[in-house]
Amino acid sequence: MHSVFGRGNAMAAYTLSVLAGLTFCCFLSTVFLDYRTPATINTRQVVVKSIPDYSASREKNDLGYVTFDLKTDLTHLFNWNVKQLFLYVTAEYQTPSNEFNQVVLWDKIILRGENAVIDLKNIHAKYYFWDDGNGLRGHKNVTLTLSWNIIPNAGLLPNVGAIGSHSFSFPPEYTTSRV
(Lines give C-alpha, C1' and ligand atoms only; values in the text may rest on other atoms or scores of the structure.)
Protein backbone atom coordinates (compact mmCIF):
# COMPACT_ATOMS: atom_id res chain seq x y z
CA MET A 1 0.00 0.00 0.00
CA HIS A 2 0.93 3.65 -0.36
CA SER A 3 2.19 5.61 2.59
CA VAL A 4 0.80 8.97 3.68
CA PHE A 5 3.87 10.67 2.25
CA GLY A 6 3.45 8.94 -1.12
CA ARG A 7 -0.20 9.98 -1.34
CA GLY A 8 0.67 13.55 -0.29
CA ASN A 9 3.35 13.68 -2.96
CA ALA A 10 0.89 12.43 -5.62
CA MET A 11 -1.72 15.03 -4.59
CA ALA A 12 0.86 17.85 -4.62
CA ALA A 13 2.18 16.81 -8.04
CA TYR A 14 -1.33 16.59 -9.49
CA THR A 15 -2.31 19.98 -8.01
CA LEU A 16 0.81 21.65 -9.40
CA SER A 17 0.19 20.08 -12.82
CA VAL A 18 -3.37 21.43 -12.88
CA LEU A 19 -2.19 24.90 -11.78
CA ALA A 20 0.52 24.90 -14.47
CA GLY A 21 -2.10 23.98 -17.08
CA LEU A 22 -4.43 26.76 -15.90
CA THR A 23 -1.56 29.25 -15.94
CA PHE A 24 -0.76 28.25 -19.52
CA CYS A 25 -4.43 28.72 -20.49
CA CYS A 26 -4.31 32.17 -18.85
CA PHE A 27 -1.28 33.01 -20.98
CA LEU A 28 -2.90 31.72 -24.20
CA SER A 29 -6.08 33.71 -23.63
CA THR A 30 -4.26 37.08 -23.83
CA VAL A 31 -1.07 36.51 -25.82
CA PHE A 32 -2.58 37.47 -29.19
CA LEU A 33 -4.34 40.69 -28.09
CA ASP A 34 -3.27 43.97 -29.68
CA TYR A 35 -2.04 46.26 -26.90
CA ARG A 36 -1.32 49.31 -29.08
CA THR A 37 -3.24 52.53 -28.56
CA PRO A 38 -2.91 56.09 -29.86
CA ALA A 39 -1.02 58.69 -27.84
CA THR A 40 -0.48 62.41 -28.33
CA ILE A 41 2.80 64.03 -27.31
CA ASN A 42 3.63 67.71 -27.81
CA THR A 43 6.67 69.66 -26.65
CA ARG A 44 6.22 72.87 -24.70
CA GLN A 45 9.75 74.09 -23.94
CA VAL A 46 12.99 72.89 -25.54
CA VAL A 47 16.39 74.31 -24.56
CA VAL A 48 19.94 72.99 -24.60
CA LYS A 49 22.88 73.83 -22.34
CA SER A 50 26.55 72.99 -22.55
CA ILE A 51 27.75 72.05 -19.07
CA PRO A 52 30.46 69.79 -17.66
CA ASP A 53 29.41 66.20 -17.02
CA TYR A 54 31.14 65.36 -13.74
CA SER A 55 29.82 61.79 -13.71
CA ALA A 56 31.98 60.63 -16.64
CA SER A 57 34.60 63.22 -17.49
CA ARG A 58 35.02 66.93 -17.00
CA GLU A 59 34.35 67.67 -20.68
CA LYS A 60 31.38 69.83 -21.58
CA ASN A 61 28.45 67.87 -22.97
CA ASP A 62 25.01 68.89 -24.15
CA LEU A 63 22.17 68.71 -21.66
CA GLY A 64 18.69 69.06 -23.09
CA TYR A 65 15.71 70.34 -21.12
CA VAL A 66 12.33 69.29 -22.49
CA THR A 67 8.83 69.86 -21.15
CA PHE A 68 5.98 68.13 -22.90
CA ASP A 69 2.26 67.29 -22.85
CA LEU A 70 1.08 63.68 -22.89
CA LYS A 71 -2.43 62.41 -23.56
CA THR A 72 -3.63 58.81 -23.96
CA ASP A 73 -6.25 56.41 -22.66
CA LEU A 74 -4.87 53.04 -21.53
CA THR A 75 -7.96 51.66 -19.78
CA HIS A 76 -8.65 49.04 -22.47
CA LEU A 77 -5.19 47.51 -21.90
CA PHE A 78 -6.20 46.15 -18.51
CA ASN A 79 -7.70 42.69 -18.69
CA TRP A 80 -7.72 39.90 -16.13
CA ASN A 81 -4.10 38.96 -16.99
CA VAL A 82 -2.58 42.44 -16.56
CA LYS A 83 -1.23 43.43 -13.14
CA GLN A 84 0.37 46.74 -14.04
CA LEU A 85 1.77 48.91 -16.82
CA PHE A 86 5.21 50.48 -16.87
CA LEU A 87 5.03 53.58 -19.09
CA TYR A 88 8.04 55.48 -20.37
CA VAL A 89 8.74 58.30 -22.82
CA THR A 90 11.93 58.06 -24.86
CA ALA A 91 13.77 60.53 -27.06
CA GLU A 92 15.44 59.02 -30.13
CA TYR A 93 17.95 60.78 -32.38
CA GLN A 94 21.10 60.30 -34.47
CA THR A 95 24.48 61.97 -34.11
CA PRO A 96 27.67 61.66 -36.12
CA SER A 97 29.31 59.68 -33.29
CA ASN A 98 26.31 57.38 -32.62
CA GLU A 99 23.89 56.10 -35.22
CA PHE A 100 21.09 55.47 -32.71
CA ASN A 101 20.61 57.30 -29.40
CA GLN A 102 17.71 56.54 -27.10
CA VAL A 103 17.19 58.36 -23.80
CA VAL A 104 14.39 57.70 -21.30
CA LEU A 105 12.98 61.04 -20.15
CA TRP A 106 9.96 60.07 -18.04
CA ASP A 107 8.31 56.98 -16.60
CA LYS A 108 5.28 55.96 -14.54
CA ILE A 109 3.78 52.76 -13.13
CA ILE A 110 0.01 52.28 -13.35
CA LEU A 111 -1.44 49.50 -11.20
CA ARG A 112 -4.67 47.67 -11.94
CA GLY A 113 -7.58 49.69 -10.58
CA GLU A 114 -5.80 53.04 -10.88
CA ASN A 115 -6.87 55.72 -13.33
CA ALA A 116 -5.31 54.80 -16.70
CA VAL A 117 -6.38 57.94 -18.55
CA ILE A 118 -3.24 60.05 -18.92
CA ASP A 119 -3.75 63.76 -19.60
CA LEU A 120 -0.64 65.55 -18.34
CA LYS A 121 0.36 69.09 -19.22
CA ASN A 122 3.80 70.69 -19.07
CA ILE A 123 5.66 67.64 -17.73
CA HIS A 124 9.33 68.17 -16.93
CA ALA A 125 11.66 65.34 -17.87
CA LYS A 126 12.17 63.07 -14.88
CA TYR A 127 15.67 62.04 -16.00
CA TYR A 128 18.55 64.04 -17.45
CA PHE A 129 18.75 64.31 -21.23
CA TRP A 130 22.54 64.05 -21.62
CA ASP A 131 24.29 63.65 -24.93
CA ASP A 132 27.82 62.23 -24.94
CA GLY A 133 29.18 65.22 -26.82
CA ASN A 134 27.67 68.18 -28.60
CA GLY A 135 24.98 66.44 -30.62
CA LEU A 136 21.87 68.19 -29.29
CA ARG A 137 22.49 71.85 -30.16
CA GLY A 138 20.71 72.59 -33.43
CA HIS A 139 19.61 68.97 -33.87
CA LYS A 140 16.64 68.95 -36.25
CA ASN A 141 15.07 65.52 -35.67
CA VAL A 142 14.53 64.31 -32.12
CA THR A 143 11.52 62.01 -31.77
CA LEU A 144 9.54 61.49 -28.55
CA THR A 145 7.67 58.19 -28.26
CA LEU A 146 5.55 56.63 -25.55
CA SER A 147 6.04 52.93 -24.86
CA TRP A 148 4.99 50.55 -22.13
CA ASN A 149 5.71 47.14 -20.69
CA ILE A 150 2.74 45.04 -19.65
CA ILE A 151 3.37 43.09 -16.47
CA PRO A 152 1.02 40.07 -16.64
CA ASN A 153 -0.08 37.52 -14.08
CA ALA A 154 1.25 34.81 -16.39
CA GLY A 155 3.05 34.97 -19.70
CA LEU A 156 5.37 37.19 -21.68
CA LEU A 157 6.39 40.75 -20.88
CA PRO A 158 5.51 42.57 -24.11
CA ASN A 159 7.15 45.88 -24.96
CA VAL A 160 4.52 47.92 -26.80
CA GLY A 161 4.91 51.25 -28.56
CA ALA A 162 2.10 53.76 -28.81
CA ILE A 163 0.60 54.73 -32.14
CA GLY A 164 1.96 58.19 -32.79
CA SER A 165 5.09 60.12 -31.89
CA HIS A 166 6.30 63.72 -31.88
CA SER A 167 9.39 65.12 -33.59
CA PHE A 168 11.02 68.39 -32.58
CA SER A 169 14.31 70.25 -32.98
CA PHE A 170 16.67 71.79 -30.47
CA PRO A 171 17.54 75.49 -30.80
CA PRO A 172 20.78 76.36 -32.61
CA GLU A 173 22.18 78.30 -29.62
CA TYR A 174 22.93 77.29 -26.05
CA THR A 175 20.90 78.94 -23.34
CA THR A 176 22.59 80.64 -20.42
CA SER A 177 19.44 81.23 -18.41
CA ARG A 178 18.42 79.10 -15.47
CA VAL A 179 15.92 76.41 -16.45
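Predicted model: local features only at pLDDT ≥ 70, side-chain atom pairs only at ≥ 80, totals over all residues.

Core to begin with. The largest nonpolar core holds 34 residues, and those with the most contacts inside it are Leu-85, Phe-129 and Trp-148. The largest share, 6 residues, is from β3. As for Leu-85, leaving aside neighbours within four places in sequence, its contacts include Leu-74, Phe-78, Ile-110 and Trp-148.

Now the sheet. Four strands make an open, antiparallel sheet in the order β4-β3-β7-β8. β4 and β8 have a single partner strand each, so one side of each lacks a neighbour in the sheet. On average, neighbouring strands here are turned by 20° against each other, direction ignored. Between β7 and β8, which are antiparallel, there are 7 bridges; Ser-147, for instance, has Gly-161 in β8 as its bridge partner.

Last, the charged pairs. The whole structure has 4 salt bridges. One of them joins Asp-69 to Arg-44, with the closest N and O atoms 2.8 Å apart. That pair links strand β2, where Asp-69 sits, to Arg-44 in strand β1, 25 residues apart. Asp-69 counts as buried because its relative accessibility is 12%.

Another is Lys-126 with Asp-107, at 2.6 Å from N to O. Lys-126 lies in the loop between β5 and β6, and Asp-107 in strand β4, 19 residues apart. Asp-107, at 13% relative accessibility, is likewise classed as buried.

Asp-34 and Arg-36 also form a salt bridge, at 3.0 Å between the closest N and O atoms. Arg-36 has 46% relative accessibility, so it counts as partly exposed.

Conventions. Residues numbered from 1 in each chain as written. Heavy atoms only, no water. Core = buried A, V, L, I, M, F, W, Y, C linked by side-chain atoms within 4.5 Å. Buried < 20%, exposed > 50% of the residue type's maximum accessible area, 1.4 Å probe, protein only. Helix = DSSP H or I, 4+ residues; strand = E, 2+ residues; numbered from the N terminus. Contact = heavy atoms within 4.5 Å. Pairing = 2+ DSSP bridges. Axes fitted to C-alpha atoms, helices over the stretch in contact; angles between N-to-C directions. Salt bridge = Lys/Arg side-chain N within 4 Å of Asp/Glu carboxyl O.
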